[in-house]
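Hello,

Here is the structure I promised to pass on to you. Have a look at it first, and my notes follow below.

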Amino acid sequence: MGIDLFFSTMERLTPQLRAGDLQACEVAAIDTLLALTKSPFHIAAGLNITNDPNDIAKHFDRFFRTESARSDVQAAYTEMNGFDINPDRWYCDLFAYDHDGGLDDFDWLSDWQSEYFEDYTIKGLEPLQAVFASDAFHDEQYNDAAYISGLVVVAKFQRFMQLAAQQMKDLSVPLYVTAHDYDYIARITPSGNPKDRRTKR
């Protein structure tokens with residue numbers, strides 16, 4: 001199965017992803033992993049991102065303010081780095097765009113207008129990172145679990161960013177969220193005008 005299960009699971013969860021029910025997507029991805037034969041990758045089910053959502057919100061707000069001073073930002077994008085090529089450290093990068101290309105074709109995400117901004121280290125998933133760095137990652141009997149655990153990580157990151165976005169004061173455009181080389185992308189929209197939220201604080 002391997003890659004087939006991976007793609008069929010993403011296809012099955014895409015309607016919920018598009019609807020913004022990221023918590024349900026996370027639960028479903030975990031259930032898919034737990035239904036597989038036990039593997040070292042099953043540790044993903046019990047792990048959580050431990051960063052403070054308010055802290056990453058402040059990091060993103062600095063990025064939004066910096067880029068808004070340079071151009072008319074219409075969309076933002078963040079992705080975690082690849083799991084297999086850099087298991088020693090997982091982090092997310094930030095990008096800004098002068099247009100919102102939507103969800104039909106993601107080619108536009110490779111053409112960002114923002115300048116380099118410091119990446120943000122994702123914490124709490126280190127035990128799974130160790131599994132990706134081990135021989136288990138190259139063991140064919142664990143192919144399904146490796147692929148699906150990666151999807152679990154993406155789902156956890158998307159849900160984490162959804163919670164963090166609620167703390168962002170300067171998010172005024174759609175924020176697209178995934179991991180490197182994934183077309184499974186969440187679109188998080190700001191909940192009201194950032195200036196209004198600042199006024200209420």
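**The largest pocket**

Fourteen is the count to start with: 14 residues line the largest pocket, and Phe83, Asp84, Phe137, Tyr147 and Tyr182 lie nearest its centre. A pocket here is an open set of points on a 1 Å grid over the protein atoms alone where a 1.4 Å probe fits, with protein on both sides within 12 Å along at least five of seven lines, and lining residues have an atom within 4 Å of a point. Its volume is about 370 Å³, meaning the space filled by probe spheres set on the points. The lining has 8 nonpolar, 4 polar and 2 charged residues. Helix α5 (residues 143–165) gives the most to this lining, with 4 residues.

Please note that this is a predicted model, where local features need pLDDT of at least 70 and side-chain atom pairs count only at pLDDT 80 or more, while totals for chains, interfaces and linings use all residues. Residues are numbered from 1 along each chain, and side-chain values use heavy atoms, without hydrogens or water.

**Helices α3 and α5**

Helix α5 also meets α3 (residues 53–70): their axes, lines fitted to C-alpha atoms over the stretch in contact, come within 8 Å and cross at roughly 75 degrees. The two are therefore roughly perpendicular, a label for angles of 65 to 115 degrees. Pro53, Ile56, Ala57 and Phe60 in α3 touch Phe160, Met161 and Ala164 in α5, with contact meaning heavy atoms within 4.5 Å. By class, this contact has 7 nonpolar, no polar and no charged residues.

Best wishes

Terms used
Nonpolar A, V, L, I, M, F, W, Y, C, P; charged D, E, K, R; others polar. Axes fitted to C-alpha atoms, helices over the stretch in contact; angles between N-to-C directions. Parallel < 35°, antiparallel > 145°, perpendicular 65-115°, else oblique.
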